[in-house]
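Good morning, colleagues, and thank you for the time. Please keep the sequence and the structure in view as I speak.

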Amino acid sequence: MRFHVLTLFPAMFGSYLGEGILARAQDREVVSVNLHDIRDYTHDRHRTVDDYPYGGGPGMVMKPAPLFEAVEAIRASGELGESSPVIMLTPQGRTFTQAVAEELSYHDEIALICGRYEGVDERVALHLSTDSISIGDYVLGGGELAAMVIIEAVSRLLPGVMGSAESPANDSFTTGLLQHPIYTRPETFRDWDVPEILLSGHHAEIARWQRRESLRRTYLNRPDLLDSLTEGELTEEDLRFLRELSELS
Ligand code: 6GU
């Protein structure tokens, strides 16, 4: 899968993409990340990428021309198909979730446009991008971190990026519940013991404990996730346990 990133700050990406699973994914040629400096698509001496907003107001607006020319040049190179997504990264976009990551993982090529300043000329959203995405309800200085979040979340879903032992199938949000607590050695650390059940070797009992702890965490930290589980995703025993939790609080 190929990601094209259009940014005013290509240097922000190097060290992040050069480590960990993203480095491995690129070495294995499962993922490639092409960085495009938006300023390279200007034609004036000052390489101007922004201007004042029509109608007044604070801050500067990213001009449309460099972004259109950048996307058109990438398309002309043959590395971004006519029907590939061109995604504007902006706090005004739809919220990025695991389901969106999965949806994007089926494409061969994706372009990510990192907005900066107070915004981007609306004609980019109207006539260039096919989608707009936000990574959550808070404001960042630009879309660069959002691009890295999306590249990582999508890349780890691609075959050959994660080992089978780290399979994404059990991830929080893939199952619709938060992950249960996990422990490693030592058995006792500073007087704090690993829950006895995990040392028992009773696999069925361990699975039951893990399921309950997933439900407990989700109930406490993300009750909205429980509401969006569909019929049949919770067993009678799950429902009984959740009723117990709500009676305790
Ligand atoms: Cl995609 N961009 C900016 N500037 N802020 C954000 C965001 C994106 N997603 C959440 N906050």
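Two strands are said to pair if DSSP finds at least two bridges between them. Strands (E, at least two residues) and helices (H or I, at least four residues) are themselves DSSP runs, numbered from the N terminus. Before I apply these terms, a word on the source. This is a predicted model, in which local features need pLDDT of at least 70 and side-chain atom pairs count only at pLDDT 80 or more, while totals for chains, interfaces and linings use all residues. Residues are numbered from 1 along each chain as its sequence is written, and side-chain values use heavy atoms, with hydrogens and water left out.

I turn now to strand 1. Buried here means under 20% relative accessible area, exposed means over 50%, and partly exposed lies in between, with a 1.4 Å probe and protein chains only. Strand 1 runs parallel to strand 2 (residues 32–37), and six bridges join the two. Strand 1 also runs parallel to strand 6 (residues 109–114), to which five bridges join it. R2 illustrates both pairings: its bridge partner in strand 2 is S32, and in strand 6 it stands opposite E109.

Next, some backbone details. Which two residues does a cis peptide bond join? They are R185 and P186, with omega at about 5°. P186 belongs to the loop between helix 6 (144–155) and strand 9 (188–189). Further along, the loop between strand 9 and strand 10 (192–193) holds R190, and D191 lies in that loop as well. R190 has a phi near 50°, a positive value in a residue other than glycine. For D191, also not a glycine, phi is positive and near 80°. R190 counts as exposed because its relative accessibility is 64%; D191 is likewise exposed, with a relative accessible area of 70%.

Finally, the helix pair. Two packed helices are described by the angle between their axes and the distance between the axes. The axes of helix 7 (residues 203–221) and helix 9 (residues 236–248) come within 10 Å and cross at roughly 50°. Helix 7 is therefore oblique to helix 9. The axes are lines fitted to C-alpha atoms, for helices over the stretch in contact, with angles running from 0 to 180 degrees between N-to-C directions. Angles under 35 degrees count as roughly parallel, over 145 as roughly antiparallel, 65 to 115 as roughly perpendicular, and the rest as oblique.

Helix 9 also contains E247, which counts as exposed at 63% relative accessibility. From E247 to I113 the separation is 134 residues in sequence and 48 Å in space, C-alpha to C-alpha. Thank you for your attention.
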